[in-house]
Amino acid sequence: MSHSFDEISQQLKRRHRKSTRLKWITMGSLGLAGLFLVLFFADMLNKGLPAFQQAYIQTEISYTQEAETDGRQAFDEELLPLISRTVVRVIPMELRNNPDMIGTSEEQWVLANSEVDQYLKGHRHRLSEEEQEALDARVESGQVDLRFNTTFFGSGDSKIAENAGILSAVVGTIMTMIVTLAISFPIGVMTAIYLEEFAPDNRLTQIIEININNLAAIPSILFGLLGLAIFINFFGVPRSSPLVGGMTLALMTLPVIIISTRTALRSVPESIRHAGFGVGCSRWQVVRDHVLPLAMPGIMTGSIIGLAQAMGETAPLIIVGMVAFIPDVGVSFTNAATVMPAQIFTWAGEPEQAFVEKTAGGILVLLTILISLNAFAVVMRKKFERRW
């Protein structure tokens with residue numbers, strides 16, 4: 001049955017209206033996602049940047065005989081509520097290590113406590129009115145200042161907020177990633193080479209491929225349960241160590257590396273392989289000398305992205321115990337350690353207001369590292385990839 005021109009015109013107008021609505025809906029969704037991202041970064045910067053500054057107080061320290069047993073005797077009594085307990089605790093140790101200091105005094109900038117720090121930054125605090133007045137007087141005289149927070153980057157965790165730092169978590173993260181890379185990269189690449197270049201196309205190979213794809217999609221906490229059951233309970237790997245954390249994350253990273261490596265190998269044209277066979281090379285020689293070097297940029301990109309994903313994981317590491325309180329920097333792959341996501345998780349559960357900015361500051365450091373790794377992967381891919 002034929003339609004009139006007006007009916008066809010009306011149908012076209014309805015289709016165009018639907019297309020326009022869909023276009024605006026998708027643009028609105030993209031804009032909303034961008035707005036949420038901007039708000040997220042703005043909130044993190046607003047809360048996290050103050051963590052990179054710390055309050056310090058200039059005072060006279062008197063190294064008396066009494067201070068050798070009680071560090072509080074080295075400071076003015078009115079100043080004690082304003083300075084950090086860590087400063088007081090180290091005075092007896094300094095005097096025991098350097099007896100010649102007894103009977104002397106010196107002016108020093110010492111670490112203020114977290115309540116003073118929060119007061120100077122305009123955040124919620126618990127200082128009394130008398131303490132605020134005394135602090136304001138010192139601010140006017142230039143004896144109180146906000147300086148770059150070297151403690152945040154140069155020390156480990158602490159229950160004292162102003163003394164808590166991220167160094168031990170950063171070192172633990174590096175050690176864990178070394179184990180992850182050492183296990184997942186060679187195994188993942190060799191597995192991908194076998195499946196893509198040598199394995200016959202039969203039912204067993206298809207089952208293996210399906211399971212690899214499924215492993216890339218399961219929740220990460222299941223890898224933590226597997227690491228707990230196999231590595232800790234069965235093999236006896238030390239709990240909370242970078243070794244068990246790296247092995248657990250290696251299981252999670254393997255599917256990503258295998259899939260990305262297979263994709264990189266497929267991107268190499270068949271003509272390269274045929275040319276190698278034409279000059280008498282064996283299949284292994286073709287793969288080793290021709291295919292693998294050309295696929296290496298894609299392999300490296302996938303591996304870096306896989307490691308960046310593993311670096312941001314928290315759930316599997318919580319299961320294997322990498323949420324331990326680690327005040328000192330780890331020196332062994334079998335010693336207890338923590339990682340940056342777990343450290344941020346621990347700080348988020350602390351009740352003190354100062355830990356809120358510590359949490360946001362840790363998130364900024366972690367985001368900076370992850371964004372840098374992903375940007376490095378993109379640059380490497382653009383620089384070395386070849387288009388056929």
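Helices (H or I, at least four residues) and strands (E, at least two) are DSSP runs, numbered from the N terminus. Keep that handy for this predicted model, where local features need pLDDT of at least 70, side-chain atom pairs count only at pLDDT 80 or more, and totals for chains, interfaces and linings use all residues. Residues are numbered from 1 along each chain as its sequence is written, and side-chain values use heavy atoms, with hydrogens and water left out.

**Strands**

- Two strands count as paired if DSSP finds at least two bridges between them.
- Strand 1 (residues 53-63) runs antiparallel to strand 2 (residues 104-111), and eight bridges link the two.
- Look for Thr59, whose bridge partner in strand 2 is Gln108.
- Strand 1 also pairs with strand 3 (residues 144-148), again in the antiparallel sense, over five bridges.
- Here Gln54 has Arg147 of strand 3 as its bridge partner.

**Two domains**

- The domain assignment gives domain 1 (50-148) and domain 2 (167-384); bounds like these come from an automatic or database assignment.
- Between the C-alpha centres of domain 1 and domain 2 there are 45 Å.
- Nine residues of domain 1 are in contact with eight of domain 2, where contact means heavy atoms within 4.5 Å.

**Polar and charged links**

- A polar contact is a pair of N or O atoms within 3.5 Å; within protein, one must be able to donate a hydrogen and the other to accept it, and residues adjacent in sequence count only if both atoms are side-chain atoms.
- Three residue pairs between domain 1 and domain 2 are in polar contact (both at pLDDT 80 or more).
- A salt bridge puts a side-chain nitrogen of Lys or Arg within 4 Å of a carboxyl oxygen of Asp or Glu.
- The whole structure has 13 salt bridges, and one salt bridge crosses the interface of domain 1 and domain 2.
- Lys121 and Glu357 join their side chains in a salt bridge (2.8 Å, N to O).
- Asp43 and Lys47 form a salt bridge too (3.7 Å, N to O); because they are four residues apart in helix 1 (residues 5-48), about one helical turn separates them.
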